[in-house]
Amino acid sequence: MLLEIRRLTKRFGGVEAVADVDLSAESGSVLSLIGPNGAGKTTLVNCIAGQFLADGGVVGFRGEDITRLPPHERAKRGIARTFQGVRLFKGLSVLDNVLIGRHSRTRSDVVARIIPFGRADGAGDRDKAGELLHLVDLDSRHSELAGELSYGEQRRLEIARALAAEPSLLLLDEPAAGLNAAESARLRELVRALAGAGLAIVLIEHDVRLVMGVSERIAVLNFGRKIAEGTPREVQADPGVREAYLGVEDEAV
Amino acid sequence: MEAVGEFLRAYSTLFGGIGISCLLALSIWVTLYAGQLTLGNAAFMGVAAYTAALLTLKAQWPFPVALLAGAAAATALSLPLGLIVFRLRGVYLAIATLAFGEMVRIVILALPITGRGQGLNGIPPKTSVAAVAYVLARVRVSTLGRAWAAIREDELAAAANGIAVRRYTLAAFVIGAAVASWAGGLSAHQNFSIDPGQFGFSTAVQILVMAVVGGIPNVLGPLLGAALLTALPELLRFLREYRDIFQGAILILVIAYLPRGLITLFDLARTRRLMRIGQADVA
């Protein structure tokens, strides 16, 4: 397993936002996290990527315990993410955003830049960034400011930026929020293609059709606890899941 | 030719002053470009000035060596200070560095040796300005400068993209301190005398104003701001009495009408684009 989470707990004051969650993700497959608002999905992703430090439990990545590592160290080890509200470097160009995403794979060129006529060769990185911008259909937009893009384009740019570091685990926090049907369909293709290329993907998403269509496995969170996990079919049939979503008790019980 | 030489001699102090102002404005540019507001550069300047002056006066060190030693001492001081204060953000960071400046001033006041630096005709500051400006301009377009820009735009996202935020902001702080220290060492030998008041609160703010009026988007901004705010009150004698008012007026006008600084007068299209997406207050 690429990512192995054991008994992960995160508290805010007296509230357990994430409680005793076990979870694992493997390369080449999509794991979706679903659950009502406030179920702890984003908190869990923050604990994986390092924005939050867990209060209990272990986050293992490639067999290494990364529970206490700061976010940039996790990024260096191959964990990339997007944010629920999109967090681009808005005042910088589209291309710069992707180049910054590649920071942990880029060698420092400070000295080469300072030496007069020194050779600072960023061509390889720019080529790679160009490929990624092509992948997310932002070919002709390299020199625009990230903040000038439409919402859907910003979401795609954020994915390109995350991929620039050549991660092995990609965490997507509600990537389809605010997208139209066509964009959402395109996103589904992209996620499948990335998983096909060997990435492990953890996806938080409310769009049920997208989740059912794209995931190998689905984990359901409610009040910080994992209440179900399985294939899309298994999860759909789970009475506990229906209860959490609909807020009514099953009549048969 | 003779007239030019005459002019240069007559205004050599002014040119020296502009050179030092330029260095100081560049010193705070580094941290501002990385999105960090620190106000400790006047203090680093003071530590370097006193060290260099004392080494020349009491130990008879030659000027270049004393200058280097002073700058090195002040820069070395910036590292432990940076490690402590870069736990802080925004206004708190500014106040902590300002407090450090006051401490330096008081320590200088309390020490038995109050330096009186003797004048020396050493390296003209203009040369240093060109070198420092060149290096910083190149750093700006390097991976380091790109990381600073990312931190300025969004620290959390920068960290998630593999940038060690603390390390990079600390680097900006130390580099800025080094430039300020260099300026301090030069100023001690140029002004013939130094006193703690030169490195206090008003200088700390003055350095910030020069950089902000000129503009942060590139290194030409601080140079322009420093040259303008240093030269104008000297050249227009009648303004000398009203230096502070004049400066305040320029600051208000620039912030209101050219939020990215005077240097962006030639780059208004970009300012408009940045304003539309609400990012014009940064760079």
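## Contacts, cores and the A–B interface

In chain B, 76% of the contacts with a separation of 6 or more link residues 24 or more positions apart, a contact being heavy atoms within 4.5 Å. The model is a predicted one, in which local features need pLDDT of at least 70 and side-chain atom pairs count only at pLDDT 80 or more, while totals for chains, interfaces and linings use all residues. Residues are numbered from 1 along each chain as its sequence is written, chains are lettered from A and ligands numbered from 1 in the order in which they are written, and side-chain values use heavy atoms, with hydrogens and water left out.

Chain B is built from 13 helices and zero strands; here helices (H or I, at least four residues) and strands (E, at least two) are DSSP runs numbered from the N terminus. Of the 283 residues in chain B, 53% are buried. Buried stands for under 20% relative accessible area and exposed for over 50%, with partly exposed in between (1.4 Å probe, protein chains only).

How much area do chain B and chain A bury between them? The figure is about 2,800 Å², with 61% of it on carbon and sulfur atoms; buried area is the accessible area (1.4 Å probe) that two parts lose on being put together, summed over both. On the chain B side 32 residues take part, in contact with 34 residues of chain A. Two salt bridges are counted between the chains, a salt bridge being a side-chain nitrogen of Lys or Arg within 4 Å of a carboxyl oxygen of Asp or Glu. Arg87(A) pairs in this way with Asp154(B), and their closest N and O atoms are 2.8 Å apart.

On chain B, the elements giving two or more residues to the side that touches chain A are helices H6 (125-140), H7 (143-153), H8 (155-160), H9 (165-190) and H13 (268-276). H7(B) supplies the largest share, eight residues. By type, the chain B side divides into 18 nonpolar, five polar and nine charged residues.

At the start of the helix, a side-chain oxygen of Ser142(B) comes to within 3.1 Å of the backbone nitrogen of Leu144(B).

Trp148(B) turns up again in the largest nonpolar core, which has 89 residues. Such a core is a set of buried Ala, Val, Leu, Ile, Met, Phe, Trp, Tyr and Cys residues joined through side-chain atoms within 4.5 Å. Along with Trp148(B), the residues with the most contacts inside this core are Leu24(B), Leu26(B), Phe44(B), Ile163(B) and Tyr168(B). Helix H2 (residues 12-33) of chain B gives the core its largest share, 13 residues. Beyond its neighbours within four places in sequence, Leu26(B) is in contact with residues including Val129(B), Leu136(B), Val179(B) and Leu223(B). A second, separate core of 35 residues includes Ala129(A), Ala160(A), Ala164(A) and Leu187(A).

Setting aside neighbours within four places, Gln247(B) is in contact with Gln206(B), Val209(B) and Leu229(B).

Over all chains, the whole structure holds 24 salt bridges. In helix H5 (residues 90-110) of chain B, Glu102(B) and Arg105(B) lie three residues apart, about one turn of the helix, and form a salt bridge with closest N and O atoms 3.2 Å apart. Glu102(B) is partly exposed at 28% relative accessibility, and Arg105(B) is partly exposed at 25%. In chain A, salt bridges that share partners join Glu64(A), Glu73(A), Lys76(A) and Arg77(A) into one network.

Technical notes: Ala, Val, Leu, Ile, Met, Phe, Trp, Tyr, Cys and Pro count as nonpolar, Asp, Glu, Lys and Arg as charged, and the others, Gly among them, as polar. A polar contact is a pair of N or O atoms within 3.5 Å; within protein, one must be able to donate a hydrogen and the other to accept it, and residues adjacent in sequence count only if both atoms are side-chain atoms.
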